[in-house]
Every structure is written in structure tokens, then in C-alpha cells.
Amino acid sequence: MRSRAAIRIRQVGIRKSVVVYVLLGLYALAILLPLLIMYNSSLRSTNELFSAPLALATTPKFENYQEVLLGNNFFLFLANSVIITGGAMLLNIGLSTTAAYALARYKFKVTGTLYALFLLGLMVPLRLASLPLFILMRDMGLMDTRIALVLVYAAWRFGFSILILYGFFYTLPANLEDAGRIDGANEFQLFRRVMLPLARPGLVIAVIYNAVPVWNDFFFPLIFLRSSQKSPLPLAVANFFGEHSVQWGPLFAFLGLSILPIVLLYLAMSRYFIRGMLAGTFR
Amino acid sequence: MNLSQGWERIATSRRLAFTVFILPGTIVFLGLVIYPVFSSFSYSLYSWDGLQREAFIGFENFRTIFVSDKPISTVFWNAVSHNAYALIFVVGVQTTLGFVLGLMLFQGLPGTKFFRALVFLPVTLSIVVVGFLFNLLLHPTWGAINHFIRLFGDPEFSFPWLGDPATAFTTILIINVWRWAGFPALIFLSGLNNIPRSVLDAAELDGVTGPQRVAWIYLPLIVPQLLTVLILTITGNLRMFDIVYSLAGPTGGPNYSTDVLGTLFYRTAFGGITGLADKGLGATIGIVIVVMSAVLSLIVTRALQNKRVTLEG
């Protein structure tokens, strides 16, 4: 059987295919080696790491993980990340699906102006407006709370969600809406029962596009949080480094664990990740 | 009930629905995005004592940063020079690497899906975690990278990549490329995939192959993607913070050799670990970064606009 793979290699040319494979292979190695070294090192003791940095963990030791998981509250930081990102996404999607729907399906005088205003918000990096946000949060008594982060992230990603969801709602056929009205649905039932379910693929893309940078954000936790108990993972990693700078075994374990949730999710659904994370970059 | 009354009722309920749908998001957006952005502008026009606004001083903060003999001005221009170097380095290395990766994935050889996923993997990782990981790998004596060099070269080799001002910043930028290159790669790939089959076939019939095909067919047709990549690179670079913080600390050590506008903004606005915060100067630096991003993006857009080739019509 002549497989499609063989045909494609023949089309590209054997020599060119070899060059492409070698280069891609080298690049793959450059990506994977640091991560493999990290996980390998996380299974060795600090003393072993200092005497032979690159030796294989032939007899894996799980003490580092034990220390990080049990002794250093890793699950607390993981929970913080989940709460902050989850809360921000719930609020963001709640606010942005309704707003994007209104902008895409109702034509009033203010519609165009508001849409332009929301997109303008995309151009300004919110972190550079963090000073007024800092004072605002202090005045609202939200300093050193996870709620402050949820609010800021939901607002920061609002424009991005609008951009993505507007496109999805805009392309839904008008006769669906008419059919719903004839069946006696009011405007809210129309949105909830007819249009929202149809825009579900858009919701998935908007969530991925926004959740990854929110999950990975370091800047806002750094300025809004004071108590380390409330830290999400990126800030917890930085704090852990400050306190355990010479305990390399636990350090590698902490690093490895902290990226594990996103690596596992990515491995399970890389296609959606790639589509989602590139979604906002096309016009 | 006659027809016109019915229409009126629908119109009222549509107006009501629109208002209910749009209002909550608009309020949050105005309060937490538009208000802080505009307040930042006004912050920069005042002198500050801690968190208290003191007096209106016009553009004095801008003058202090741009042309005064105060230390902040020296540090500012030092950071600007690093951002400029970073921009040239990243546009050169990362965009080229991204384009080459995109081209290789475009060949559609067996296994492309695997490589595509792998190339993009670092983009999903937290920059701070990547930074701290390389912090360990680059350690002069215990780090894996120097150890690797010792195995195959000088057995006494020990170089502080991040501790020597001559190499620290370039090292950080290479790690930045490691983290980001998959992003332009996949944007370019999607641009290449959008080129109509007929164009590629016609080029093939005319004998346009190899480097000529890249220069005459691929590049002109992915100008929109190139523009997207350049704008994201410019704005991303001027915002650079996490990677420097995790590899060189908030002061951009050693001796400010890796300090960038992002870290300087953080220290000036919030105090960081060292020194007192000055909200006025901090807001000013923030605005300078925003304006620089906008101006550079505009220049790139203008420059590439007439290079764009469209296939319609």
C-alpha cells in the first residue's frame, strides 16, 4: 500500500524532507530538553543535583514532591489559581456574551460607538493603568483579595471576548430570531434558548483565549496581593524561589508541578488551544 | 390589538433587552478599563507624596524623565536602550525563526501535527515559571547548561550567563525567543495555508521554486500576518516584565544591565523591593510606553500597507 505519508514525502522531495525533519527534530529537542531536565531533576535530591547535574534519576525519589505537596501548600496555590481564573472567566463570559449579543443583534445609534470603544480598550495594556486600579481597589477595600484580581481580569479581557463573540453572534441567521419571535419567545428567552446555544463554539474559543493569559499572569497578583496564602501559581513560584533558593530538588518539583495543569490540558486538546490562542490575532 | 401597537411593543422590549444586555459589561468596562487608563494620564500631571496627590505640575514629570540630571532620567534612557536592543533582536531572530518554522510546518510532512503542537507548547507556559527554570539551568556551577559544556568541552568551564552584564540581557532574550517563537510560527503557518491552491500551482508551472517562491509568492501574500506578528512583537516587547523579573530580579541586574521599561515602571510605580515609589513618575513611564507602542505600531502599519498584495478582483 502506498500511504499518503509516502506520497507527501515524494511530493516535497526526499532531500528537502530530510532537511525539514532534521531541523524540526532539533527544534523539538530544544523545546523538550529543558522540560525533561526539569522533571528528571525533580526526582533527584538536591545533593545529587549539585554533584552531577545531568545524571538520570534511575532510582526516582519522590521526597521533593512530598515536600512541595504536603509541606508547602501546593494545592492551596493551585486552588487560588483555579478560583481566580475560574471566577474571572465566569464574570467575563457573563458580561461579554450578553454585551456582544446586544451589539451584534440590535441596531441602535449607540451600537457602533460602544463596539468601537470596547475594541479601543484592546489597544491599551491595562497593566500600565495599574496605578489608578491599585488606588481604586484600596478605596473599595479590596486590597489583598482574590476578588480584586477576578474583577480586574474580567474587565481586562472584556474587549477580547467581545471581539471573538461578536463575530459568532453576527453570523447567526436572522430567520432563527424571527422564528423564535413567531413562537412567542421574548427577547431574553430568544437569547438564552435560541442564540446562546448556537454560539457555544465561540464561548470555548473566548474562554481559552482569555483563560491562558489570566492563568499565567504574574503582574497583577504581584501588586494586589500581600499575603502569600492567596497567591496563584506564578506568584507562588516566585515566593517559593525567594524562600528555598538552595533547595534545588523541591524547586524543580515545584516548577514541574506548577506547569503540569496547563501541559496536561494542552496535551489533551492542543488543537483547541492553538485555535483559541490565535483567535484574537486575525482581523 | 392592532398591528402598529404590536410593533411598538416589540420595539420597546427590544430597547429594554438591549439595555439590560449591554449595561453590566459596559459599567465594569468603563470603571475598570477606561477610567484607570484616563486617570493614568492625569496622574502623570501631578506630584505625589506616597498615595496622596500633591500639586498640579503640568509636564514636569515628563521633563524629569526625559531631560533632567536626576538618576531616574539616566535609568530611563538605560531601559529605553535595552528595549530598543530587545526589539531589534527579537524582530530579527524570533520573526525569522517563526517564519522558518512556519514554512517547515507548511510542507505538511507526516508528523506535522505533532511538531505543530510541540512548537506551540512553550507559548502556553507561564513566563515566570520558564524564567525561574532557566535561572536554575543557567547557574554557573550547578546549572545543567554549563555542565553540558563541561562534558563536551573545557572541563573547568563555568560562566555566569546571567551574572555578567555583557551576556545577561542577550541570554534573557534567547529564553524569550524559546518561550514565544511558536506564536509567530503558527500565525505565519495559517497565512501560508490561506494562499489559494491555484496560486501555488501557477507558480509551480512557471518554474518558481525554492528561495524565489519564498520571496515572490509566500512573503507578499502573508504581509497581513507579518503585520500582526510585528505589532504583537512591538507591544509585547515594550511591556516585557515577567521574563526579566524572574531571571534578573525587579532591578534588572546585574547593575541595571537588563533593566527594561516594564521593570522600571513597576519599581517607580509600586516601589518594588528597593526604593520609594513615585506615582507621578510611574504613571508617566506607563504613558510613555503606551505612546511608544502606538507610534511604532502605526509606523509599521504604514510601512507595510502598500506592500500588501491582494488576490481579489
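Here is a short chat about chains A and B of this predicted model.

Modeller: Residues are numbered from 1 along each chain as its sequence is written, and chains are lettered from A in the order in which they are written. As the model is predicted, local features need pLDDT of at least 70, side-chain atom pairs count only at pLDDT 80 or more, and totals for chains, interfaces and linings use all residues.

Biologist: What makes helix α13 of chain B largely enclosed?

Modeller: A residue is buried if 20 or more other C-beta atoms, placed from the backbone, lie within 10 Å of its own. Nine of the ten residues of α13(B) (residues 261-270) are buried, so the rest of the structure largely encloses it. Among them are B:L261, B:F265 and B:R267.

Biologist: Which elements do those buried residues pack against?

Modeller: α7 (130-139) of chain A, together with α3 (71-106), α11 (223-238), α12 (242-248) and α14 (279-305) of chain B.

Biologist: Why are β1 and β2 of chain B called paired?

Modeller: Two strands pair if DSSP finds at least two bridges between them. β1(B) (residues 46-49) and β2(B) (residues 52-56) have four, in the antiparallel sense, so they count as paired. One of the bridges joins B:Y46 to B:F56. In the hairpin, two residues sit between the strands, and B:G50 has a positive phi near 60°.

Biologist: How confident is the predictor in chain B?

Modeller: pLDDT is its confidence in each residue, from 0 to 100. For chain B the mean is 91, with 95% of residues at 70 or more. The complex gets an ipTM of 0.93 and a pTM of 0.92.

Technical notes. A residue is buried if 20 or more other C-beta atoms lie within 10 Å of its own, exposed if 12 or fewer, and partly exposed in between; C-beta atoms are placed from the backbone. Two residues are in contact if their C-beta atoms, placed from the backbone, lie within 7 Å.
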